Amino acid sequence: MSDGDELPYWLALRRAGLGSTSFALLLAKFGSIEEAWRAAPGDWRAAGVEEAYARSLARVRASFDAEKELASLERAGARALTWRDAAYPERLRQIPQSPPVLVVRGAAGPEFDQAVAVVGTRSVTPYGRQATEAFCTALAELGVAIISGLARGVDAIAHRTAVERGAPTAAVLAGGIDQVYPRENAGLAERIAEVGCLVSEYPLGTPARRDYFPRRNRILSGLARAVLVVEAGEGSGALHTANWAFEQGRDVFAVPGSIFSPQSAGTNQLIRENTAKLVATPEQLCEELNLLGSGAQLPLPGARASVPAGTAAAAPAAAGDDPILQLLAGGPRHIDDVVRALGKPAAEVAGALSVLEIDGLVRQTGPMTYGIA
């Protein structure tokens, strides 16, 4: 277990931008981060630390205030865990490029007995929203922690579903835990901290940057036992998370989507390439993860029906009586028009359209626009 007096030196090296490789080199050379901190810059370079990082560390050492750094953590209600802390998440410790320091704020975690990372597109469709809510509700009801990245779309829906059901959830940030991005999710971040935690490898005050997000994803998958990709377009960050998970030996699952939906192009590709296993219902995912005992049922009434995947709901007894088909008989309509015309929840309409599409009764004639097949 790390000596509390050594923590400021770990934080200082992170302030200087040093990552897992540099930390490992310094520990191998000096035996402790405190000894490395006190060494000469030439000794850092001799240990294998790159010149740019050695210069950065020298600059930080000239002005670093240990008391101020620790006080900032305390004011933020946060704690910092290092490789040498017993509380450092064991799953994360075992992955390549595990973060040397984790800054954590919240009531629980970041170690969870059961945890599934749920990721997907920021431009979520009604289908993706419904699927995310269904899968996360089932996981939450079974006491499984939900991990995601607090981004717009699937991430936020996953966190919010967990919070609403009092289930633990962890948000892994691509900046300091006091620099929530996007700002619109600041309120959600506070709710997450009440039942779970906010996690970051970056020092307080570090703003989110574009190049931090791909690296953030390795932590997201590393904390979980499995990753579920709900909706992801080509090149989506969710696919990066899936790749990290694959390299880390995590199980990867994907929810299938319409072949006409750009938001499902990535998930369908994962399934086609056997990078991810198809799960069409929450029960299938829970069975794959051995979360259901012999004869057990999901504690979510109608969970199977909550994901529009063909088997999720029965087609209408008489197609002519279906209000959606009656509406589309006049010509193709965007899903938003259908929702307004029927006065029903978007998730319900999206599910019904998906079933009708699979049954061959409707087809997409444009982005989120449906007509009679």
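**Burial and helix packing in a predicted model**

The accessible surface of the chain comes to about 15800 Å², and 48% of this area belongs to carbon and sulfur atoms. The model is a predicted one.

User: Why is G351 called buried?

Analyst: The relative accessible area of G351 is 7%. Buried means under 20%, and therefore G351, at 7%, counts as buried. This residue lies in helix 17, which spans residues 346-358. The C-alpha atoms of G351 and Y127 are separated by 6.4 Å, although the two residues are 224 residues apart along the chain.

User: What share of the chain counts as buried?

Analyst: Of its 373 residues, 55% count as buried. As for contacts between residues at least 6 apart in sequence, 69% join residues at least 24 apart.

User: What makes helix 9 oblique to helix 10?

Analyst: Helix 9 and helix 10 (residues 186-195) pack at an angle of about 45°, and their axes are 10 Å apart. That angle makes helix 9 oblique to helix 10, because angles under 35 degrees count as roughly parallel and those from 65 to 115 as roughly perpendicular. The crossing of these two helices is left-handed.

User: Which residues of helix 9 and helix 10 meet?

Analyst: From helix 9, the residues are A156, H159, R160, V163 and E164; from helix 10, they are L188, R191, I192 and V195. By class, this contact has five nonpolar, one polar and three charged residues. R160, E164 and R191 are charged, because Arg and Glu belong to that class.

User: How do helix 8 and helix 9 pack, and at what angle?

Analyst: Helix 8 (residues 126-141) and helix 9 (residues 154-164) pack at an angle of about 35°, with their axes 9 Å apart. Helix 8 passes helix 9 in a right-handed crossing. The contact is made by R129, T132, E133, C136 and T137 of helix 8, together with V154, I157, A158 and T161 of helix 9.

User: What classes of residue does the contact of helix 8 with helix 9 have?

Analyst: It has four nonpolar, three polar and two charged residues. C136, V154, I157 and A158 count as nonpolar, because Cys, Val, Ile and Ala are in that class. R129 and E133 count as charged, because Arg and Glu are in the charged class.

Definitions and conventions. Residues are numbered from 1 along each chain as its sequence is written. This is a predicted model: local features need pLDDT of at least 70, side-chain atom pairs count only at pLDDT 80 or more; totals for chains, interfaces and linings use all residues. Side-chain values use heavy atoms; hydrogens and water are left out. Axes are lines fitted to C-alpha atoms, for helices over the stretch in contact, and angles run from 0 to 180 degrees between N-to-C directions. Helices (H or I, at least four residues) and strands (E, at least two) are DSSP runs, numbered from the N terminus. A crossing is left-handed if the near helix is turned anticlockwise from the far one by less than a right angle, and right-handed if clockwise. Contact means heavy atoms within 4.5 Å. Buried means under 20% relative accessible area, exposed over 50%, partly exposed in between (1.4 Å probe, protein chains only). Angles under 35 degrees count as roughly parallel, over 145 as roughly antiparallel, 65 to 115 as roughly perpendicular and the rest as oblique. Accessible areas come from the Shrake-Rupley method with a 1.4 Å probe; for residues, only the protein chains shown count as cover.
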